Amino acid sequence: MEILKKTIEGIEKINRESMNSKEKELNSLLKTPRGLGKMEDLAIQLEGIKENYTPDKKIVLVMAADNGVEAEKVSASKRVITQYVVEAMLSGNSSVNSLAVSFGADVKVVDLGIDSEKDFFGIINRKIMKNGTRNIRRESAMTREEAVKAIETGIEIVDELAEKGYNLFALGEMGIGNTTTSSAVLNVLTDIPLDEIVGRGSGINDQTLEHKKNVVKESIKINDPDKTDPLDVLAKVGGLDIAAMTGAFLGCAKNRIPVVIDGLISGVSALLAYKLAENSRDYMIPSHLSEEPGMKWLMKEMDLEPVFLMNMKLGEGSGAVLMFPFVEAACKITKDVRLYPDV
């Protein structure tokens, strides 16, 4: 708990003076005021994070773990798919690898609790629960201690990667059943009706969707999480991947590094980080509005506005990595555009 406490205490607001200076600089360029819209907003935010910021080394950090609630048949995919996708990521053959290569980024995968005895070559092994979380329809996913350990693992990994020069992060996940756990967390934290939150995840049919909503509802009733305590909510109805991403969002904020939100699961982790440390939101960059219905409410809760409408529903950080060239472009505006002439 000490790592988490120190991290939260160490997260500062971004520099408003630097942001004001960047805004004035942008307004002095040969263009319509605010003509580049969200790109200018991003340029101002990045300047507040770090003066003259440039993304020198980019990474997609994927948190992987299995979820006990998969046993309730809430997904069209079997638990073993977690392992298969992780293996594809480690060999460079997944969707997110292809996108990362296109945008000059590395991909790193962390094992928090993949249900496999296999020794995955190239993975960051930080396994906390051997077979993944427990089934939230029967009991709490984790103990509070396990949840905190997963958060602190996320913080530590960001610290290590920051030491290696990575200064732009996208956070993704892999774990069958995690749209169920993330929907449960979001419902508890916001009280938004389940019909507005629970989506089709891996592509389930109408019957399974109704079943999934019931599983989320029953899981919340059984575990009775305290909505005023983000750690209690996370431990009772969340997942190891969500917890580790929560820590990674906090770790990026502590290190003054911009971090891109992906879809629903990544977004729920961002919300948890925001609930734990309000200033962490200053370092977050939204990317796309995923097909999961809860995503629009999540963005509203955090007062964020996605840049892309891509109808994406994959996860893995695949939408977040699309923001990398956008970030790079935002950093170049004031370097490349001529000043407005005195006339």
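A: A salt bridge here is a side-chain nitrogen of Lys or Arg within 4 Å of a carboxyl oxygen of Asp or Glu. The model is predicted. By that criterion, the structure holds 27 salt bridges. Side chains of opposite charge can pair when their charged atoms come close.

Start with Asp-41 and Arg-34. These two form a salt bridge, and their closest N and O atoms are 2.3 Å apart. Asp-41 is partly exposed, at 39% relative accessible area. Arg-34 is also partly exposed, with 36% relative accessibility.

Next come Asp-206 and Arg-200. Their side chains meet in a salt bridge at 2.6 Å, N to O. Asp-206 counts as exposed, because its relative accessible area is 53% and the exposed class begins over 50%. Arg-200 is partly exposed, at 37% relative accessibility.

Lys-213 is buried, with a relative accessible area of 12%. Buried means under 20%, so Lys-213 falls in that class. Glu-210 is partly exposed, at 42%.

Salt bridges also join into a network. Glu-72, Arg-137, Arg-138 and Glu-218 are linked in this way.

For contrast, consider a nonpolar part of the surface. Leu-30, Val-337 and Tyr-340 form a nonpolar patch there, with about 260 Å² of accessible area together. Tyr-340 lies in the segment after helix H13 (324-336). Its relative accessible area is 49%, which makes Tyr-340 partly exposed.

Burial can also be followed around a helix. Helix H5 covers residues 95-102, and its buried residues are Val-96, Asn-97 and Ala-100. These cover an arc of only 100° around the axis, so they lie on the same side of H5. Val-101 and Ser-102 are exposed on the other side of H5. Gly-104 follows H5, and its phi is positive, near 70°.

Notes: Residues numbered from 1 in each chain as written. Predicted model: local features only at pLDDT ≥ 70, side-chain atom pairs only at ≥ 80, totals over all residues. Heavy atoms only, no water. Patch = residues over 30% accessible without salt bridge, like charges linked within 9 Å, V, L, I, M, F, W, Y side chains within 5 Å. Areas by Shrake-Rupley, 256 points an atom, 1.4 Å probe, with all protein chains shown as cover. Helix = DSSP H or I, 4+ residues; strand = E, 2+ residues; numbered from the N terminus. Buried < 20%, exposed > 50% of the residue type's maximum accessible area, 1.4 Å probe, protein only. Arc of directions from axis to C-beta.
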